[in-house]
Amino acid sequence: MDNESFGPKAKVKEDSELSKEEKLARVQEDYEMFLETRTFKFPSWLYGPVQGKLIKVEIEDCPNFGDKAFVEFDSARTAIIVVDMQVDFCGKNGYVDIMGYDLSLTAGPIKPIKNILDAVRNGTDIKVIHTREGHMPNLADLPYNKLLRSKIIGKGVGIGDKPEGGEGQLLVRGEKNWNIIDDLTPVDGEYVIDKSAKGAFAHSDFGVTLKKLGITHLIMTGITTDVCVHTIMREANDIGYWCILLKDCTGATNQENYESAIKQIKMQGGVFGWVTDSNKFTNAIKDGFGSE
């Protein structure tokens, strides 16, 4: 295609506006660039000029297990998603605790998440979006089968009940145990999205918020890896967001499920996105913003 179509002053098109020929030409160019650089370059031809800092982070087992590659993202168009780091999921007498699971598995990501939040809160333009799962006090948004299953696994104590020694009704909005843990409390300027489901796009303002912020890349953290984190990542990937999961910033109620969830993301060269860790991510942030 000619320079007028591909040059830096070309009119930016929406992905859906590209013709088949344009899309195939672009992907061939980016494919050849990947072979040369092992980098998924930020597609400024699609999103427009970089608005923040261009950051490059190393990802693992891509495109094949044992390989490494890199993903570029525009800091101004990137959001860290902190999924459901609530007392109910990683605190004593919360929902996960009442179900009888090992809290150390869901509390394990707290420190790594805090480290990356400290890094991005220190002078970057990367957005932070927290999610909270929970239901209205009258339980009108709680499907009956979800309620029944919770009652059974909790041995008589389910969603909407207050367990012995607990701080409130399980997974009910407004209760202390429903809120985000103190170590990861959102700060001014960060976003909190309340959802009633494992996903976030269909039952909350999550998708609208991403669009209003101009987000293209999501850095996925939180719990649980195999349920809410995976669901949101799959939803986002299906509609074109570039997703990177920080593996030590997430956890599940079962270690085998956690490991399987990580492996599933890595299949097919990154079927739902890519995987890295908090150290590689924070080092990339430091490199990207180090000139200031």
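## The three-stranded sheet

In what order do the 3 strands of the open sheet with mixed pairing stand? The order is β1-β3-β2. Before going further, note that this is a predicted model, where local features need pLDDT of at least 70, side-chain atom pairs count only at pLDDT 80 or more, and totals for chains, interfaces and linings use all residues. Residues are numbered from 1 along each chain as its sequence is written, and side-chain values use heavy atoms, with hydrogens and water left out.

A word on terms: helices (H or I, at least four residues) and strands (E, at least two) are DSSP runs numbered from the N terminus, and two strands pair if DSSP finds at least two bridges between them. Back in the sheet, β1 (39–40) and β2 (54–60) sit at the edges with a single partner strand each, so one side of each has no neighbour in the sheet. β2 and β3 (residues 68–74) run antiparallel and are joined by 7 bridges. Look for Ile-59, which stands opposite Ala-69 in β3.

## Two helices alongside

Helix α12 (residues 278–289) packs on this sheet and touches β2 and β3. Contact here means heavy atoms within 4.5 Å. The direction of α12 makes about 160° with that of β2; axes are lines fitted to C-alpha atoms, for helices over the stretch in contact, and angles run from 0 to 180 degrees between N-to-C directions.

Helix α7 (residues 110–121) packs with α12 at an angle of about 5°, the axes being 10 Å apart. That makes α7 roughly parallel to α12, given that angles under 35 degrees count as roughly parallel, over 145 as roughly antiparallel, 65 to 115 as roughly perpendicular and the rest as oblique. On the α7 side the contact is made by Pro-112, Asn-115, Ile-116, Ala-119 and Val-120, and on the α12 side by Ser-278, Phe-281, Thr-282 and Ile-285. By class, that contact has 6 nonpolar, 3 polar and no charged residues. Ala, Val, Leu, Ile, Met, Phe, Trp, Tyr, Cys and Pro count as nonpolar, Asp, Glu, Lys and Arg as charged, and the others, Gly among them, as polar.

What does its side chain reach? The Asp-74 side chain comes to 2.9 Å from the backbone nitrogen of Gly-52, and a polar contact of 2.5 Å links the side chains of Asp-74 and Arg-77. A polar contact is a pair of N or O atoms within 3.5 Å; within protein, one must be able to donate a hydrogen and the other to accept it, and residues adjacent in sequence count only if both atoms are side-chain atoms. Setting aside neighbours within four places in sequence, Asp-74 is in contact with Phe-42, Pro-49, Val-50, Gln-51, Gly-52 and Lys-53.

## The six-stranded sheet

There is also an open sheet of 6 strands with parallel pairing, in the order β6-β5-β4-β7-β8-β9. Its edge strands, β6 (191–195) and β9 (274–276), each pair on one side only. The twist averages 25° from one strand to the next.

Strand β5 (residues 127–133) is mostly covered, with 6 of its 7 residues buried. β5 runs parallel to strand β4 (residues 78–83), joined by 5 bridges, and Ala-79 stands opposite Lys-127 in β5. Another 5 bridges join β5 to β6, again parallel; there, His-130 has Val-192 in β6 as its bridge partner. Elsewhere in the sheet, β7 (residues 217–223) and β8 (residues 242–251) pair in the parallel sense over 6 bridges. Helix α11 (residues 255–266) lies across β8 and β9, at about 160° to β8.

Most residues other than glycine have a negative phi, and most peptide bonds are trans. Here, a cis peptide bond joins Cys-62 and Pro-63, with omega about 0°, and Pro-63 lies in the loop between β2 and β3. Another cis bond joins Ile-223 and Thr-224, with omega about -10°.

Leu-171 is not a glycine, yet has a positive phi of about 55°; this residue is buried, with a relative accessible area of 1%. Gln-268 also has a positive phi of about 55°, but is exposed, at 72% relative accessible area.

Note on methods. Buried means under 20% relative accessible area, exposed over 50%, partly exposed in between (1.4 Å probe, protein chains only).
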